[in-house]
Structures are given as C-alpha cells and as structure tokens.
Amino acid sequence: MKNDLEFDMEMAREYDKGIRRALPTYDALFRMVQSFLRAHVKDTANVLIVGAGGGNEFVKFGTANPTWTFAGVDTSEAMLEVALQKAKNEGVHERVSIHTGKIEQMQFNEKFDGATCLLVLHFIETMEEKRSLLRTVKELLQPGSPFVLVTMYGDQSKSEFDERMNLWKSIWLDLTNLTKEDVEEMEKSVRGLSFISAIEIEELLEQTGFERIATFFSTTLFGGWIAHTSK
Ligand SMILES: C[S@@+](CC[C@H](N)C(=O)[O-])C[C@H]1O[C@@H](n2cnc3c(N)ncnc32)[C@H](O)[C@@H]1O
C-alpha cells in the first residue's frame, strides 16, 4: 500500500495485496459481512456499496449470491475501473452499476435492501461529513434494512490506540520486507487520517437513524459495526 493513501491507478492495482497486509483479517471480515447481509435481505436484494473501489464486494458477494444486484459508489475512477474489470472477469458485471462521486451527491430512483460502507469512513475528514454520509445511506435504504460499517477507529491520545498501532506496524514488518523506517513513515500517514472513537461512531449511527447497533469486528486499527435502519 502506498504511503500517501491516494486511490490512484498505482494504488488501485496494488490494492488487493496491500489491504491484506493492512488488515490481515480482510477475507474473514467479508465472510462475516456476507453472513449478516444474507440473514437480513430477501433473495433478490439490491445492495448499495459505498466505497466500491477495488471491486471486492461485487465479486465476493456477487458470485456467492447470484440473485443480488449492486450499485457501487466511489470517488476514485481508478478504483472503480479496477472494480469493473474484476466484476467482468468474474461474470458478475451485469448485476453491477457503478457511480463515480460522493455518495451524498448521488440520486437513485429506488431504495436499497441493504448497504455496506467498508473501509471508507476514516477518509471522510470532518464529523459533519461523516454524519452526512451516514444520513444519506440511511435515506437510501428501505426501513428495517441491514447496514455494515467498517472503519479505522480510536482516540489517538489514548495508550490503548498506541498499542493497536504497534501491533499494526509489527504485522507489516512480519509480512513484508519493509524496514522499520518505512513502517514509521506509514504510521505518520495513517495518523493523519480522520479517526474517531468507537463511542463517537455509535453516536453517529444513532443520530443518523440506525438502530440495533452492535460491534462485530475488531483487528488492530479497524472496527466493524452492524445496524439496521429504523422500521
Ligand atoms: C480502502 S478502499 C475500500 C474499498 C472496499 N470497500 C474494500 O473494503 O475493499 C476506500 C475507498 O473509499 C473511496 N472513498 C473515499 N472517500 C469516499 C467518498 N466520500 N465516497 C465514496 N467513496 C469514497 C476511495 O476512493 C476508495 O476506493
């Protein structure tokens, strides 16, 4: 994964390798997200994928659930290009529509049966923008729909955060040939992202119309929440 965390073509091509180093439980995470969605959507679900770049939601959920359709939104054209190519390679592209831009700017004629926002929220700078993103997702969902949010999280002033960061760096050192100095540089980039605490994430979900909120996942700097829109 590149240090400047820009989702350009170089990052898009390297994404699949990089993400499994940054988040070693990435594939297990996707299996859990799929089980949650399957338990709560109808067979012919139309699923909104916020931050669909890279295409892994299309491919993983699309191949295992042949009656689902997907609308994927992402700000990065390069990441969406890779996503579409991957969807074509796996034969799921006919059930996928892609939309370039911020989710808040999207107009859809239909309401979705479920949504995911995986590994996006820490790129959204302010609390107000994060709130606006989540509110938009809520408005785009049918009442009672499942939603999965996975993001880097934590209070950087706490020693608990430092311990998780240390483990994150140790994993990079174990899995790659990067030097300690390289990993320290990456830490600087990551610390520049927009972290909020687990409590703030749960408050944001509540404020934007989600209920039945529960933590289901945590690995180093990353955490995951499941929720439903109110009925
Ligand atoms: C780390 S990738 C995650 C991709 C995929 N969800 C996954 O889990 O593998 C984050 C993606 O979020 C996208 N992104 C960042 N800000 C966004 C926004 N405001 N709206 C939609 N996508 C955004 C980036 O372009 C990038 O493709």
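Figure 1. A nitrogen atom of the ligand lies 2.7 Å from a backbone N or O atom of G51. A nitrogen atom of the ligand is also 2.6 Å from a polar side-chain atom of E57. In the side chain of Y26, an N or O atom is 2.5 Å from an oxygen atom of the ligand. The protein covers 95% of the 600 Å² of accessible area that the ligand has on its own (area by the Shrake-Rupley method with a 1.4 Å probe). The model is predicted: local features need pLDDT of at least 70 and side-chain atom pairs count only at pLDDT 80 or more, while totals for chains, interfaces and linings use all residues. Residues are numbered from 1 along each chain as its sequence is written, and side-chain values use heavy atoms, with hydrogens and water left out.

**Figure 2. The shell around the ligand.** The ligand is surrounded by 17 residues (a heavy atom within 4 Å), and the closest are Y15, Y26, G51, E57 and D74. The shell divides into 10 nonpolar, four polar and three charged residues; Asp, Glu, Lys and Arg count as charged, Ala, Val, Leu, Ile, Met, Phe, Trp, Tyr, Cys and Pro as nonpolar, and the others, Gly among them, as polar.

Figure 3. The space taken by the ligand is the largest pocket (more than half of the ligand's atoms lie within 2 Å of its grid points). A pocket is an open set of points on a 1 Å grid over the protein atoms alone, where a 1.4 Å probe fits, with protein on both sides within 12 Å along at least five of seven lines. The volume of the largest pocket is about 680 Å³, taken as the space filled by probe spheres set on the points, which are joined across faces, edges and corners.

**Figure 4. The lining of the largest pocket.** The lining has 35 residues (an atom within 4 Å of a point); F7, T75, L119, V120 and F123 lie nearest the pocket centre. Of the lining residues, 23 are nonpolar, six polar and six charged.

Note on methods: A polar contact is a pair of N or O atoms within 3.5 Å; within protein, one must be able to donate a hydrogen and the other to accept it, and residues adjacent in sequence count only if both atoms are side-chain atoms.
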